[in-house]
Amino acid sequence: HHDDIALHDLAGQVGEALRAQRLMLCTAESCTGGWIAKMITDIPGCSDWFDCGLAAYSYEAKQALLGVRPETLMDHGAVSRETVIEMVSGALIT
């Protein structure tokens with residue numbers, strides 16, 4: 001599938017940039033269900049730059065694993081900029 005190839009290529013480019021800067025990547029996914037982490041871990045040598053991936057689909061998982069506030073979910077929903085910002089913040093702490 002063309003989109004998978006493009007995403008794999010992009011992940012490889014990101015990985016090379018992270019490796020060059022000695023940085024690690026952590027993903028926080030929801031509706032993608034871990035697909036991004038899967039694409040990354042298909043890349044040989046990704047352990048040099050990929051730390052972990054979290055797939056928090058339910059409201060409860062977003063709260064428990066990523067520290068998303070219940071108020072954010074109730075006021076804005078799971079698919080919102082506000083929720084994504086809190087998911088990223090929680091992933092950075094992880």
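1. Contact here means heavy atoms within 4.5 Å. Under that criterion, and leaving aside its neighbours within four places in sequence, C26 is in contact with C52 and A91. C26 has its place in strand 1; helices (H or I, at least four residues) and strands (E, at least two) are DSSP runs, numbered from the N terminus.

2. The model is a predicted one, in which local features need pLDDT of at least 70 and side-chain atom pairs count only at pLDDT 80 or more, while totals for chains, interfaces and linings use all residues. Residues are numbered from 1 along each chain as its sequence is written, and side-chain values use heavy atoms, with hydrogens and water left out.

3. The protein chain has 5 helices and 2 strands, which follow the pattern α-β-α-β-α-α-α along the sequence. Its C-alpha atoms fill a box of roughly 40 × 30 × 15 Å, taken along the principal axes. Of the contacts between residues at least 6 apart in sequence, 52% join residues at least 24 apart.

4. Of the 94 residues in the protein chain, 32% count as buried. Buried means under 20% relative accessible area, exposed over 50%, and partly exposed in between (1.4 Å probe, protein chains only). The accessible surface comes to about 6,100 Å², with 60% of it belonging to carbon and sulfur atoms; these areas come from the Shrake-Rupley method with a 1.4 Å probe, and for residues only the protein chains shown count as cover.

5. The protein chain carries 6 positive and 13 negative side chains, and the centres of the two sets lie 5 Å apart. Lys and Arg count as positive and Asp and Glu as negative, whereas His and the chain ends are not counted. The place of a charge is taken as NZ of Lys, CZ of Arg, CG of Asp or CD of Glu.

6. The largest pocket has a volume of about 200 Å³. On a 1 Å grid over the protein atoms alone, a pocket is an open set of points where a 1.4 Å probe fits, with protein on both sides within 12 Å along at least five of seven lines; lining residues have an atom within 4 Å of a point. Grid points are joined across faces, edges and corners, and the volume is the space filled by probe spheres set on them. Residues lining the largest pocket include S30, Y57, K62 and M87. Helix 5 (residues 81–93) gives the most to this lining, with 3 residues.

7. S30 lies in the loop between strand 1 (25–29) and helix 2 (35–41). S30 counts as buried because its relative accessibility is 17%. Beyond its neighbours within four places in sequence, S30 is in contact with A56, Y57, K62 and M87.

8. A56 is found in the loop between strand 2 (50–55) and helix 3 (59–66). With a relative accessibility of 0%, A56 counts as buried. Not counting residues up to four places away in sequence, A56 touches E29, S30, A61, K62, L65 and L66. A56 and L66 are 10 residues apart in sequence and 7.8 Å apart in space, C-alpha to C-alpha.

9. C26 is partly exposed, because its relative accessible area is 25%. C26 and D51 are 25 residues apart in sequence, yet 5.5 Å apart in space, C-alpha to C-alpha.

10. R22 lies in the loop between helix 1 (2–21) and strand 1. The phi of R22 is near 55°, a positive value in a residue other than glycine. At 78% relative accessibility, R22 counts as exposed.
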